[in-house]
Amino acid sequence: MYYYNGLDLNSNSTWGSSLQIFFLENRDMMKEVITDKNLKNEISIIKEKITSKNRIIVPDDGNYTFAFINKKDTLFADDRLEFWRYKDKGVAYKLNDTSKNIILKHYKLNPNQQ
């Protein structure tokens with residue numbers, strides 16, 4: 001799991017068209033290994049919802065701050081952890097409060113952020 005404050009090298013937002021920023025060495029990027037099995041399961045459910053044919057949303061060029069990387073497979077999320085992107089598809093999905101708090105706690109982010 002990667003967290004990046006949403007700004008690229010030029011202090012611009014990290015848009016869907018510039019997601020490669022997550023794969024560059026950057027001292028501002030914070031990384032954390034997910035060990036919670038329920039959170040891993042919820043991430044898998046989100047990916048499944050995105051890849052299912054009846055739930056596809058073509059995302060706009062929104063701002064992303066989280067990347068969940070499993071080998072070469074990456075799921076991106078916005079700063080509210082409510083819009084998720086996989087490749088060129090996306091889905092609106094709210095994490096349960098426990099999962100959201102686990103993620104935010106790792107990065108010392110406010111659990112009440114909207």
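**View 1. Leucine 81 sits in the loop between strands S4 and S5.** Helices and strands are runs assigned by DSSP and numbered from the N terminus, a helix (H or I) having at least four residues and a strand (E) at least two. The model is predicted, so local features need pLDDT of at least 70 and side-chain atom pairs count only at pLDDT 80 or more, while totals for chains, interfaces and linings use all residues. Residues are numbered from 1 along each chain as its sequence is written, and side-chain values use heavy atoms, without hydrogens and water. Leucine 81 is not a glycine, yet its phi is positive, at about 55 degrees. With a relative accessible area of 1%, leucine 81 is buried (buried means under 20% and exposed over 50%, with partly exposed in between, for a 1.4 Å probe and protein chains only).

**View 2. The hairpin of S5 and S6 has two residues between its strands.** Strand S5 (residues 83–86) and strand S6 (residues 89–92) run antiparallel and are joined by four bridges; two strands pair if DSSP finds at least two bridges between them. Tyrosine 86 stands opposite lysine 89 in S6. Lysine 87, in the loop between S5 and S6, has a positive phi near 55 degrees and is exposed, with a relative accessible area of 61%.

**View 3. The largest nonpolar core has 20 residues.** Such a core is a set of buried Ala, Val, Leu, Ile, Met, Phe, Trp, Tyr and Cys residues joined through side-chain atoms within 4.5 Å. Among the residues that touch the most other members are Phe66, Leu75, Leu81 and Trp84. Helix H1 (37–51) is one of the elements that give two or more residues to this core, and H1 gives the most, with four residues.
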